[in-house]
Amino acid sequence: MMGLPADLVFHTKGQLAITICADAFADGVRLDFACGDEVYGSCTGLREFLEDRGQGYVLRVPSNFHLTLARGITLTCAQAVRPLLAGTRRWEVRSAGKGSKGERWYGWAWLATASPRHHLLVRRHVTTGELAFHYCYVPEGQVLTLAAGPRRPGCAGRWKRI
């Protein structure tokens with residue numbers, strides 16, 4: 001045996017994030033919005049937990065993540081972004097900050113879904129064209145802008161990673 005307690009229960013990263021957030025919320029901590037990578041974005045339970053508490057989030061999702069767009073059309077992220085790839089007019093180019101090789105430039109675009117509270121934020125590398133998909137939940141009363149992501153009026157728009 002490895003010396004682990006007999007009653008120790010395995011938890012996924014998503015389940016651990018729910019526990020951490022639940023404890024933080026119970027202590028009165030409020031986030032402008034939560035951020036996480038694909039491990040967290042793929043966790044339906046975590047997304048539901050945050051939405052049930054009115055907590056905005058920006059969570060990375062894989063290209064095969066399904067979205068319901070206007071008129072009830074369901075597509076993967078990769079399928080939904082195809083019309084944007086045909087041109088550059090809809091991409092807003094911004095730096096994601098300095099990296100080891102200088103500024104990291106990306107094109108950014110929002111895609112609306114059938115839900116007024118959910119959006120897909122797409123990041124496209126300006127040189128390689130590599131795409132990254134971020135599923136966003138914006139609670140009632142929060143303002144959504146590409147420049148700052150989901151924000152409450154008057155807040156600094158802090159990003160918190162989970």
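**Questions on a predicted model**

Me: Which residues does Ala 70 touch, not counting residues up to four places away in sequence?

Reply: A contact means heavy atoms within 4.5 Å. Leave out residues up to four places away in sequence, and the partners of Ala 70 are Thr 113 and Ala 114.

Me: What kind of model is this?

Reply: Residues are numbered from 1 along each chain as its sequence is written, and side-chain values use heavy atoms, leaving out hydrogens and water. Local features need pLDDT of at least 70, side-chain atom pairs count only at pLDDT 80 or more, and totals for chains, interfaces and linings use all residues, because the model is predicted.

Me: How many helices and strands are there in the protein?

Reply: Both are DSSP runs, numbered from the N terminus: helices are H or I with at least four residues, strands are E with at least two. The protein has five helices and 11 strands.

Me: What share of the residues counts as buried?

Reply: Buried means under 20% relative accessible area, exposed means over 50%, and partly exposed lies in between (1.4 Å probe, protein chains only). The protein has 162 residues. The buried share is 35%.

Me: Is Ala 70 buried, exposed or partly exposed?

Reply: Ala 70 is in the loop between β3 (66–68) and β4 (74–76). Its relative accessibility is 44%, so Ala 70 counts as partly exposed.

Me: Where does Thr 113 lie?

Reply: Thr 113 counts as buried, because its relative accessibility is 12%. Among the residues it touches are Leu 67, Thr 68 and Leu 69. Its place is the loop between β6 and β7.

Me: How far from a polar atom of the Thr 113 side chain is the backbone oxygen of His 118?

Reply: A polar contact is a pair of N or O atoms within 3.5 Å; within protein, one must be able to donate a hydrogen and the other to accept it, and residues adjacent in sequence count only if both atoms are side-chain atoms. The side chain of Thr 113 reaches the backbone oxygen of Ser 115 at 3.1 Å. For the backbone oxygen of His 118, the distance is 2.8 Å.

Me: How many bridges join β6 to β7?

Reply: Two strands pair if DSSP finds at least two bridges between them. β6 (residues 102–112) and β7 (residues 118–125) run antiparallel, and a hairpin of five residues links them. Ala 112 has His 119 as its bridge partner. The number of bridges is seven.

Me: Which residue in β8 stands opposite Arg 124?

Reply: β7 and β8 (residues 131–137) run antiparallel, joined by seven bridges. Five residues lie between them in a hairpin, and Gly 129 in the turn has a positive phi of about 80°. Opposite Arg 124 stands Leu 131.

Me: Within what arc do the buried residues of α1 fall?

Reply: The buried residues of α1 are Gly 14, Ala 17, Cys 21 and Phe 25. The arc is that of the directions from the helix axis to the C-beta atoms. They line one face of the helix, because the arc that holds them is 65°.

Me: Which residues of α1 are exposed on the other side?

Reply: Cover for the buried residues of α1 includes α2 (38–41) and α3 (44–52). On the other side, the exposed residues are Ile 20 and Ala 26.

Me: What arc do the buried residues of α3 cover?

Reply: In α3, the buried residues are Leu 46, Arg 47, Phe 49 and Leu 50. They sit on the same side of α3, because they cover an arc of only 160°.
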